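Please have a look at the model on the screen, and I will then walk through a few of its features.

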Amino acid sequence: MEQTKVIVGLGSCGIAAGAKKVYNKIKALKETKDLGFELKKTSCIGMCYREPLVEVVDDSGSYLYGDIDEEKAIEIIEKHINQHDPVREYIIHSDMFETEDDEYLKDQVKIVLRNCGYIDPENIEEYEARNGYRAIKKIAGQRISRMDIIQIILSSGIRGRGGGGFPTGLKWKFAYDSKADDKYIICNADEGDPGAFMDRSVLEGDPHSVLEGMIIGAYAIEANGGVIYCRAEYPLAIKRLTIAIEQARAKGYLGKNILGIDGFNFDIYIKEGAGAFVCGEETALIASVEGERGMPRKRPPFPASSGLWKKPTNINNVETFANIPWIIMNGAEAYAKYGTEKSKGTKVFALAGKIKRSGLVEVPMGISIRDVIFKLGGGIRGNKKFKAVQMGGPSGGCIPEYLADTIVDYDSVNATGAIMGSGGMVVMDEDTCMVDIAKFFLDFTQKESCGKCTFCRIGTKRMLEILTRITEGKGEMSDIEKLEELAYEIKDNSLCGLGQTAPNPVLTTIKYFRDEYEAHIRDKKCPAKVCKSLLTYEVDPEKCTGCTVCARNCPADAIDGEKKEVHFIRQEDCIKCGMCYTKCKFDAIKLS
Amino acid sequence: MKDTIIKILGQFPQNNRGSLIPLLQKVQNLEGYISSDAIHAISTHLRVSRSTIYGVSSFYSQFRFNPPGRNSIKICLGTACHVQGGDFLLNALSLEIGIKPGETTEDKRFDLERVACLGCCALAPVMMINNNIHSRMSVIKLREILNRYA
Ligand SMILES: Cc1cc2nc3c(=O)[nH]c(=O)nc-3n(C[C@H](O)[C@H](O)[C@H](O)COP(=O)(O)O)c2cc1C
Ligand code: FES
């Protein structure tokens, strides 16, 4: 009989939801009562909407418990462990019976996320036990040649998962063909799209898969130096990567003459990002690693011929690298079996926003956006209407409901004006204002523009000014044309991807939601009731308790009312700052 | 010069341009901010001009040039947090502690910064206080959470 295991999910999202408390509670119970089960840690399994998660694996099968707090944990230990009676009520997934949450998992194909949520990421042996470091051992054992590896990656059809979608095998070939004494391989873990967290989950949940991918890449292109550029906002990912690198060194997967391959010397260092979106762009990233301001450089020369310290350099994204060991183990054909003609394999998406089940899903390319949002994601929260999904972050766009049958592959998503991007999907409902979203992204890119190109630096500022004007009800009909004109100028005249794609959120919202722009301009109305200046604030006499909080906090002194009596907002003095709305604890401020 | 800075400099090779950013990060980690003294010392150690160091450090939003509060609040205004009321949360938070992003309270209890995504988008809106992430935030939860940080 195998010992019963209790596994707690300790990814960032789990911890944020309270998983550490749950873990400590279970640990205390186990120790004080001397209970005979094994307590283990893992990372995020992708069901963030159910965090904290606790899995119990016993003789009869596995049971995943969701939304667990300390009290529920006590109950699970008491009933499931001590009395062998699983607490059905809290189980969200099991191999013993069907649950509602099965929908979330059913259509997923886990290649990148193969180990996430299954292993303790801080324990290299658990990675090894699930075929880990077997791909690089296979290469060493069978003496697979560099060209053969590159050919396998080429035939698998995998394209870069960082957003650009460039064929990975081809990139490796360019780097291999550039001859030099020193070459570098860089893992781009800057994950700049605000609203995406695939890379964080992989780094926290399965750091060794990324290391192994890099080691294979290094062997293939003959690199001797490796860098992981990880954003500083991910402290847990950095901690786990650091542990993983040390373990890999201790086991001889990093260092000199790796796995007995004569002359194969390779090691990896972590560089922490310092908070600049543009540093996700490969040439800016290189500048940043060199200790400079993170400004993009002109290409050519491409990094493959002259990159870090002017040496040939290959840069891939976290998810790209995590795929590599699987492809080597299972073959190019097994990988290419998934996906569409031009987009092979699977893609991880980070579902967030107004969706019921938010978290990470890995699906074969070619599945429709609608299926991802409604079948896996369970649709929109609170029975609201689905309006659009934002893909590709600041470089992407908003895909409207009526195009939801678009399939996910690079070309189909591009055709909508959005981009596949790194895999963030932020779902929006009827309460999201599309002009506000366009303004949100422009505000972001305007701040993050490195300032090198005039069109990007000043153009985005001008666009932001126009958008701000529109959301304040001061826009003119000609502003829409002005926005479009500026957008095309910026796209055409910017040096790097940041500027070339910055206008996309504006262009797609104008294309699909022109009526919302017109409502703001012509009728001075925000249909989604988001743009503060266009709203009227009123006190709901039914709900107001006369607590005076709104009156005391109103910076314009526009609210009258005695204590314990219904208050009143003088519209002529209201500056529409939204303070009363934020401050009221009784939901008594109405927007119209 | 402060001992901490001397110690940090000792861990980085001299005249090595590539270690500028890691060095600045280390200084900020231990000192809380980049003082002009620190810049001076780094400049001599790496043989990089002070203006270059200012140029590099001011480019990155991570670096600050004034002392932080005892507790650092980072409020997320990424896409997922934005569509779920991150702005309202920031407004309420600003009101509660009386400062805007980029500032520190007079009693040095809090400093406030806005960030674009903490990677916990599934549990939006979120904010981070000293590396602890608080998820599914609401104006109502705010005061109770702030009370935990003295
Ligand atoms: C403004 C900008 C930001 C980017 N941010 C990222 C990022 O955060 N992560 C990433 O992997 N790639 C990012 N990229 C793409 C990289 O430049 C590069 O194409 C990618 O890392 C290559 O890896 P891949 O081929 O595996 O996708 C960004 C590009 C631009 C123009
Ligand atoms: S958008 Fe706030 S955590 Fe990602």
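This is a predicted model: local features need pLDDT of at least 70, side-chain atom pairs count only at pLDDT 80 or more; totals for chains, interfaces and linings use all residues.

Leaving aside neighbours within four places in sequence, B:Pro101 is in contact with B:Leu112, B:Glu113 and B:Arg114, where contact means that the C-beta atoms of two residues, placed from the backbone, lie within 7 Å. B:Pro101 itself sits in the loop that runs between helix 6 and strand 2 (110-115) of chain B; helices (H or I, at least four residues) and strands (E, at least two) are DSSP runs, numbered from the N terminus. From B:Pro101 to B:Val115 the separation is 14 residues in sequence and 9.8 Å in space, C-alpha to C-alpha.

Residues are numbered from 1 along each chain as its sequence is written, while chains are lettered from A and ligands numbered from 1 in the order in which they are written. Chain B has a mean pLDDT of 92, with 99% of its residues at 70 or more, pLDDT being the predictor's confidence in each residue, from 0 to 100. For the complex, the predictor gives an ipTM of 0.94 and a pTM of 0.94.

Staying with chain B, an automatic or database domain assignment divides it into domain 1 (3-59) and domain 2 (71-147), and the C-alpha centres of these two domains lie 29 Å apart.

Turning to the contact between the chains, 38 residues come from chain B and 41 residues from chain A. On the chain B side, the elements giving two or more residues include helix 2 (20-31), helix 6 (86-97) and strand 4 (132-134). By class, that side has 23 nonpolar, 14 polar and one charged residues, with Ala, Val, Leu, Ile, Met, Phe, Trp, Tyr, Cys and Pro counted as nonpolar, Asp, Glu, Lys and Arg as charged, and the others, Gly among them, as polar.

Finally, the shell around ligand 1 has five nonpolar, twelve polar and five charged residues, and strand 9 of chain A gives the most to that shell, with three residues.
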